[in-house]
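Here are my notes on the model.

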Amino acid sequence: MMKKNSSITRLGIFGLIIILILLLNYRFGWTAWFSDTANLQGIKGMVNDNLPLAFGIYCVVTIFACVVLALPGITFALFAGMLFGPVLGTFACLFACTIGASLAFLVSRFFLKDAVKPMLEKNGILKKLLFSGNRKNDLIVLMITRLVPLFPYNLQNFAYGITDISFWSYTAYTFIFMFPGVALYVIGAAGLTAEGNRWMYFLTAGVLAILVTLFGMLIRKKYLPEEVAEETEQKRRNAYIIMTRVPQDGKTKTRLLSVLKPEECRELHEAFLSDMAENLHPEDADIFISYLDDCPDAAERIQDFFPLAAGYLPQRGETLGDKMLDAFETVLASGYERAVLTGTDLPELSNEILNDAFLALRDHDLVLNETTDHGYYLVGMKKTQNIFHIDVYGSGEVFEKTLKNAVDLGLKIYCGKMLMDIDTREDLHAAKAAYECGDFSLWKHTAAFCEKYKEK
C-alpha cells in the first residue's frame with residue numbers, strides 16, 4: 001500500500017512538473033526561440049573562434065529543446081550538419097541526443113515506472129516485448145525504434161524508462177542504433193551549406209536512408225512479427241471468465257445480510273471486484289466478464305471495474321448452472337482452446353492458481369477446485385461439458401454432485417487447491433481472521449473492508 005501511494009505521489013509530481021514547464025514555456029516563449037533558425041545560427045559564428053564553446057552550447061540547447069520542450073530531434077540534426085559539417089556534426093548530435101535520451105530515461109524510471117508499468121503489463125504483447133527480462137527483446141525493440149526515424153524520439157526516451165531494460169544497456173544501444181539515422185540527416189544538411197560536391201553529400205544521405213529503412217524493415221519482419229504472432233496466438237488459447245453480479249444494495253452477498261447492512265454487502269462485493277481487476281491477470285489469457293444484467297446501467301458499471309476486459313457477457317439461463325454453461329459455450333465457440341471460470345468472493349485466489357488451472361487443461365478435460373464449504377470456486381474446460389445439472393446450488397453437496405457428473409461423462413479431472421469463499425457470517429469472520437494474520441495481502445480493498453468492519 002505504501003509503495004502504491006509512493007508511485008501515485010511521484011506520478012503527481014511529474015504531472016506538476018510538466019504543467020510548470022508548459023506555463024514557463026508559454027510565459028517566456030522558449031519553443032519559439034529554439035525554433036527560430038536565426039537564433040541558432042548565432043552559434044555558427046563561434047565554431048571557428050571557440051569550437052568547444054559552440055559544441056557545448058549546441059549540446060545544451062539540443063538536450064533542453066528535445067527532452068524538455070519535446071521539439072523534433074530531426075531539426076537539431078539538421079542544424080548540426082549546417083553548423084559543424086558531416087563528421088563533427090554527426091558526433092555532436094549523437095552525443096547530445098544520447099545524453100538527452102538518458103536523462104529522460106532516468107526521469108521516467110523514477111517518476112513513472114511504478115505507476116505506469118502495471119497498466120502496460122496488462123497487455124500481453126507489451127508485457128512480453130518490454131517486461132520479459134529477455135535481453136534479445138530489449139536489443140530488437142531498441143534497434144527497430146532507433147533505426148527507423150518514424151518512431152517519435154521524445155516519446156521513446158520516456159517510454160523506455162518504464163521498461164525493465166538496464167540504464168547502461170539502454171544508453172549504449174541508443175548511441176549505437178541512433179548513429180545511422182542521425183548521420184543521414186546531418187550529412188544531408190551539411191550538403192546544403194557545402195561549397196562544392198554537394199551531390200556527394202546528398203547521395204551519401206540518400207544511400208544511408210535506404211539502408212537504414214531496409215535494415216529496419218528486415219529486422220522488424222524477422223523478429224517482431226514472430227514475437228507478436230506467437231503472443232497473439234497464445235493469448236487466443238486461454239480465456240478467463242469472471243462471473244459476477246452488479247454490486248447493488250440488497251441484491252448482492254444477500255446471505256451476509258444477517259451481519260452486514262445492504263450497503264455494506266455492496267461495498268464488500270465492490271472490494272472483491274476492485275481487487276480482482278488489479279491483481280488477477282493470468283498469463284497469456286484474455287479476460288471476460290459474465291455479469292447479471294439486472295439493472296439499467298449494468299454493462300457500464302461492470303466496465304468501470306474491468307475496463308480492459310476482452311468481452312462482457314450478459315448471463316443467460318434460468319439456473320446458475322445454465323449461466324455458467326452459456327458462458328463457456330460463448331467463449332469456447334469464439335475460438336479459445338481453454339477457458340477457466342471463477343466467482344468473485346475469493347480473497348485467496350491468485351494468478352498462480354489460475355495459471356495452474358490453464359496448465360492442467362493441457363492434459364485434462366476438466367479442472368474443478370473445491371471450496372471449504374464443499375462447493376467449488378473454479379471450473380475449467382476446453383470443450384463444453386454439461387456437468388452443471390444438479391438439484392440445488394448453495395448446498396454442501398455441490399462439489400460432490402458436479403464431480404460425479406464429470407466422472408459419469410468419463411472426463412479426465414484435475415482438482416486444484418481448496419480455498420474459502422465468503423458467503424456467510426462464519427466465512428466473513430474467517431476472512432477477518434485471515435486478514436489479521438496477513439493473508440491475502442494483495443487484496444487491499446478486501447483487507448480494508450475487513451479492517452473497517454472488524455468489530456462486527
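1. Which residue forms a salt bridge with Arg316? The partner is Asp326, with the closest N and O atoms 3.1 Å apart. A salt bridge here is a side-chain nitrogen of Lys or Arg within 4 Å of a carboxyl oxygen of Asp or Glu. Arg316 sits in the loop between strand 3 and helix 17, and Asp326 in helix 17, so the pair ties together parts 10 residues apart in sequence. Asp326 counts as buried at 16% relative accessibility. Buried means under 20% relative accessible area, exposed over 50%, and partly exposed in between (1.4 Å probe, protein chains only).

2. Some ground rules. This is a predicted model, in which local features need pLDDT of at least 70, side-chain atom pairs count only at pLDDT 80 or more, and totals for chains, interfaces and linings use all residues. Residues are numbered from 1 along each chain as its sequence is written, and side-chain values use heavy atoms, with hydrogens and water left out.

3. Overall make-up. The protein has 21 helices and 7 strands. These are DSSP runs, numbered from the N terminus: helices are H or I with at least four residues, strands E with at least two. Of the 456 residues, 48% count as buried. Take contacts between residues at least 6 apart in sequence: 69% of them join residues at least 24 apart. Contact means heavy atoms within 4.5 Å.

4. Two strands pair if DSSP finds at least two bridges between them.

5. Strands 1 and 2. Strand 1 (residues 238-244) and strand 2 (residues 286-291) run parallel, joined by 6 bridges. Ile241 has Phe288 of strand 2 as its bridge partner.

6. Other charge pairs. A search of the whole structure finds 11 salt bridges. One of them joins Asp294 to Arg245, the closest N and O atoms being 4.0 Å apart. Asp294 is in the loop between strand 2 and helix 16 (298-305), and Arg245 in the loop between strand 1 and helix 15 (262-279), 49 residues apart. Asp294 counts as partly exposed at 26% relative accessibility. Arg245 is also partly exposed, at 39%.

7. A pair within one helix. Asp408 and Lys404 form a salt bridge, with the closest N and O atoms 3.0 Å apart. They are 4 residues apart in helix 19 (residues 398-408), which means a separation of about one helical turn. Asp408 is exposed, with a relative accessible area of 53%.

8. A network. Salt bridges link Lys253, Arg255, Asp345 and Asp423.

9. Surface. The accessible surface of the protein comes to about 22,700 Å², and 62% of this belongs to carbon and sulfur atoms. Areas come from the Shrake-Rupley method with a 1.4 Å probe; for residues, only the protein chains shown count as cover.
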